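The sequence and structure are shown first.

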Amino acid sequence: MTGRISLKLLSVGLLVGAAGCASFYEIPIETPIAAKLDVSAFQRVFIAGFLSSGTEDVDGNVETVRLLRSQLRMKSNLKVVDADALPLLEVATATSAEGQAAGPGASEARETPKLASLKTEKDLEPFEHIFADADYWKKIGEEYQNPLIVTGTVVFTPHSQSGMVQREQEVIDALGRRRVEPVREYMERKGFILAEKFIFIDGRTGAQISGGETFREERLYNQNDNTPALSSYFELMDEIIPRFLSTLSTQRVRGSRVLIK
Amino acid sequence: MRVHMLTAVLLLGVLSGAAYADARADAKAQVEFGISVAQKGLWKEAIYRWERATQIDPNYAAAFNDLAIAYEHEGLLEKAGAAYERALKLEPNNPMVRQNFELFKEIHDRTNQSQTP
C-alpha cells in the first residue's frame, strides 16, 4: 500500500518537474489579414449580379449573389444591399444592341443568348463591355445610395479527366495487421471547374476600383460518385469565399504556434 | 612574457564567456517574461520584451521565434517573416521554429493567392 502511494507521488512529482522544466509552450494565435482593397469610403456593398456561363444545372448568377451576400452579412462590417440580382446578360445584350441600333444586325443583337449556348469564359467576352459602362453603374449606385458594387463573371463547367491517380488502400498482412498503402491506379474521374472574376465598382462614379480578382478551382470525383452540380458548386465556393472576403475586409486566421525559451 | 600573453588571452576568453552568459541570462529573463504576458493575451508587452531580448542577445533564436509569433498575431506579417528567417538562420534545424515558419508561410501564401485561369 505504502509502496503504491510512493509510486503515485513519484509520478506526480515527475510530471510537475517536467512541467516546470518545459522549454516550449503552445499558444493559440489569430493572424489578422488586412483587406486588399481600401473600402473605408463605403458603408454599403451591393452584390449586383454576374455574367454566368457553363452548366445549366446551377444558375451561377443567382447562387453566387446569394452566397456572397450571406457571407458578407456575417463576416463584414459593410451593410449588404438586398435587391434582386441584375440580369447582366440581358443588360449587356441590350446596351450592345443600342450601340448598333441603326445597323443591319440590330434585331439579332437584341436577343439575349441562352445559357446553354454559353459554355466558356471566352463566350462571355462579348458581354464584358458592361463592366466598363460607368454611366450604367453610376445609375445603379444612385439607386442604392452609392454602395461598393461587386460584379464579374462566373463560369461553372463540367470537367472530366482520366489518368493515373494515387490513393490510399487498407491492406491486411499475413499476421492480420492492418496498414494503409499508397496505390496507383488508372481512373476516370469527373467533376467541375469554377472560374470567377470579381470586379469592384465605385457606386459614386461608376468606375472600376481595381482590375479585378480572378479565382479558379477544380474538383474531381470518382465516376460512380454522382455528385450533384450544386454540391460541387458549394464545395468550390468554400475555397473561393475566404479569398474573396480577404479582398474586402480584414480576416482573422486562427491557429497555434510554439513559443520557446 | 609568453606566460603573461597566455594569461591575458585566457582572461579575455573567460571574461567574454561570462559576458556572453550574462547577456543570454538577461535575454532569457526577458523571453520568459514575454511568454508569461503573451499567455495572458498581452501581446504588445510581449513584443516589447522579445525585442529587448533580441537586442541584448542577437544570437538567441528563441527570442526571434517568439517575436515572429507576436508580430504574426498583430498582423505585422513582413516583420514576422524577417524574424522567423533570422531564427532559422541561427538554428536551422530547430523543428519548432521550422514548424512555426511553415504554418506562417501557409497563411501568407494562401492570402496572397489569386489565380488566373
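## Terms and basis

A residue is called buried under 20% relative accessible area, exposed over 50%, and partly exposed in between, with a 1.4 Å probe and protein chains only. The model is predicted, so local features need pLDDT of at least 70 and side-chain atom pairs count only at pLDDT 80 or more, whereas totals for chains, interfaces and linings use all residues. Residues are numbered from 1 along each chain as its sequence is written, chains are lettered from A and ligands numbered from 1 in the order in which they are written, and side-chain values use heavy atoms, with hydrogens and water left out.

Helices (H or I, at least four residues) and strands (E, at least two) are DSSP runs numbered from the N terminus. Contact denotes heavy atoms within 4.5 Å.

## Chain B

Chain B contains 5 helices and 0 strands, and its elements follow the order α-α-α-α-α from the N terminus. Of its 117 residues, 36% count as buried. Among contacts in chain B with a separation of 6 or more, 42% join residues 24 or more positions apart.

## Nonpolar cores

A nonpolar core is a set of buried Ala, Val, Leu, Ile, Met, Phe, Trp, Tyr and Cys residues joined through side-chain atoms within 4.5 Å. The largest has 36 residues, and those with the most contacts inside it are A:I27, A:L259, B:V31, B:A38, B:W43, B:W50 and B:I69. Two or more residues each are given to this core by β1 (24–33) and β7 (251–260) of chain A and by α1 (2–38), α2 (43–56), α3 (61–73), α4 (77–90) and α5 (95–112) of chain B. The largest share, 8 residues, comes from α3(B). Apart from this core lies another, of 31 residues, including A:V45, A:I47, A:F50 and A:L236. In soluble globular proteins, nonpolar side chains tend to be buried together.

Beyond its neighbours within four places in sequence, B:V31 is in contact with A:I260 and A:K261 of chain A, and with B:W50, B:A53, B:Y60, B:A63 and B:D66 of chain B.

## The interface between the chains

At the interface, 24 residues of chain A are in contact with 33 residues of chain B. The two chains bury about 2400 Å² between them, 66% of it on carbon and sulfur atoms; buried area is the accessible area (1.4 Å probe) that two parts lose on being put together, summed over both. A:R257, A:I260 and A:K261 supply 28% of the area that chain A buries against chain B, more than any other three residues.

The rule finds 2 salt bridges across this interface, a salt bridge being a side-chain nitrogen of Lys or Arg within 4 Å of a carboxyl oxygen of Asp or Glu. The side chains of A:K261 and B:E32 form a salt bridge at 3.9 Å, N to O. On the side of chain A that touches chain B, two or more residues each come from β1, β6 (213–222) and β7, and β1(A) gives the largest share, 9 residues.

## B:M96 in helix α5

B:M96 is placed in helix α5 of chain B and counts as partly exposed, at 23% relative accessibility. Not counting residues up to four places away in sequence, B:M96 touches A:F24, A:V258 and A:I260. The C-alpha atoms of B:M96 and B:N65, 31 residues apart along the chain, are separated by 8.9 Å.

## Individual residues of chain A

Most residues other than glycine have a negative phi. A:Q145 has a positive phi of about 60 degrees although it is not a glycine; A:Q145 is found in the loop between α6 (134–143) and β4 (148–172) and is exposed, with a relative accessible area of 53%. A:N226, also not a glycine, has a positive phi near 50 degrees. A:N226 lies in the loop between β6 and α7 (229–248) and is exposed at 57% relative accessibility.

A:S249, in the loop between α7 and β7, is buried, with a relative accessible area of 9%. The side chain of A:S249 reaches the backbone oxygen of A:K75 at 3.4 Å. Leaving aside neighbours within four places in sequence, A:S249 is in contact with A:I33, A:A35, A:K75 and A:S76.

Technical notes. Polar contact = N/O pair within 3.5 Å; in protein donor to acceptor, adjacent residues only side chain to side chain.
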